[in-house]
Amino acid sequence: MNEISAPWRADVIQDFARSELFERTFQEGMDLVEETAAYLDGAGRQESKLLSRNAALAYASESMRLTTRLMQVASWLLVQRAVREGDMAADAACDDRYRLAAEEVCRGGEENAAGDLPAGLQALLERSERLYERVRHLDRRMYVEADVEQAPNPVISQLDRLKTALGAF
């Protein structure tokens, strides 16, 4: 992270962590994790016993993809909450280890077997994909794209000079 963008990005991260959007996304993510765990441990387990061999393999594969996707999202959201609560500096949250990982697993899927999967699992897969894509977009905007070196914005440069000049008075 370059030194010029560091304060700006830290402010963006702090603002997001304190936002209503974060609150709603965090709640949705944690609720989906709990709902998924209850389904996979209850109704999903029963439904999977009734599947054909091929459908059971697809169920196992997709349930692993589902849990991986949700754990990635939950981890990312918990980092943002740590920033909000002051347990982690916004600059520390920029570390690559806190980015979404396992993208090829989280974004892939068995489209050809989806029709054989129980409706409950299909619904959870769809909801988790939408949530993952939203968090992925936020992650890219807040962290990844901010790392791309860009030419300084002349308007921001002028505003910074004005702040400095007026701050002296």
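These entries record what I looked up in a predicted model of one protein chain.

**Conventions**

I number residues from 1 along each chain as its sequence is written, and my side-chain values use heavy atoms, with hydrogens and water left out.

**Entry 1: confidence**

I looked up pLDDT, the predictor's confidence in each residue on a scale from 0 to 100. The chain has a mean of 85, and 82% of its residues reach 70 or more.

**Entry 2: secondary structure and burial**

I took helices (H or I, at least four residues) and strands (E, at least two) as DSSP runs, numbered from the N terminus. The chain has seven helices and zero strands, and its pattern along the sequence reads α-α-α-α-α-α-α.

For burial I used relative accessible area with a 1.4 Å probe and protein chains only: buried is under 20%, exposed is over 50%, and partly exposed lies in between. By that criterion 36% of the 169 residues of the chain count as buried.

**Entry 3: helix 2 and helix 4**

I compared helix lengths with the expected span, which is 1.5 Å times one less than the number of residues. Helix 2 (residues 20–41) has 22 residues and reaches 32 Å from first to last C-alpha, close to the expected 32 Å. Helix 4 has 32 residues and reaches 46 Å, close to the expected 46 Å. Just after helix 4, I noted that Gly86 takes a positive phi of about 80°.

Which residues of helix 2 are buried? I listed Phe22, Thr25, Phe26, Gly29, Met30, Leu32, Thr36, Tyr39 and Leu40.

**Entry 4: Ser19**

I then turned to Ser19, which lies in the loop between helix 1 and helix 2. I applied the polar-contact criterion: a pair of N or O atoms within 3.5 Å; within protein, one must be able to donate a hydrogen and the other to accept it, and residues adjacent in sequence count only if both atoms are side-chain atoms. Ser19 caps the N-terminal end of helix 2, with a side-chain oxygen 3.4 Å from the backbone nitrogen of Leu21. I also noted that Ser19 and Arg84 are 65 residues apart in sequence and 9.4 Å apart in space, C-alpha to C-alpha.

**Entry 5: aromatic pairs**

I paired rings of Phe, Tyr and Trp (its six-membered ring) if their centres lie within 6.5 Å; planes under 30 degrees apart count as stacked, over 60 as edge-to-face and the rest as tilted. The structure holds four such pairs. One of them is Phe16 with Trp76, a tilted pair at 5.9 Å centre to centre and 50° between the planes. This pair links distant parts of the chain, with Phe16 in helix 1 (residues 5–17) and Trp76 in helix 4 (residues 53–84), 60 residues apart. Both Phe16 and Trp76 are buried.

Why does the pair of Phe22 and Phe26 count as tilted? The ring centres are 5.6 Å apart and the planes stand at 40°, so the pair is tilted. Phe22 and Phe26 are four residues apart in helix 2 and are therefore separated by about one helical turn. An α-helix has 3.6 residues a turn, so residues three or four places apart point the same way. Phe22 is buried at 0% relative accessible area, and Phe26 also counts as buried, at 12%.

I found that Phe16, Phe22, Phe26, Trp76 and Tyr143 form one aromatic cluster.

**Entry 6: Arg99**

I checked for charges over rings, requiring NZ of Lys or CZ of Arg within 6 Å of the ring centre and within 35 degrees of the ring normal. Arg99 lies over the face of Tyr143, at 3.6 Å from the ring centre. Arg99 is in the loop between helix 4 and helix 5 (103–107) and is buried, with 11% relative accessible area. Its side chain has a polar atom 2.8 Å from the backbone oxygen of Ala93 and reaches the backbone oxygen of Asp95 at 2.9 Å.

**Entry 7: cysteines and Tyr132**

How many disulfides does the whole structure hold? Taking a disulfide as a pair of cysteine sulfur atoms within 2.5 Å, my search returned zero. Cys94 is buried at 10% relative accessible area, and Cys106 is buried at 2%.

Lastly, I looked up Tyr132 in helix 6 (residues 119–147), which is buried at 1% relative accessible area. Tyr132 and Arg69 are 63 residues apart in sequence and 6.8 Å apart in space, C-alpha to C-alpha.
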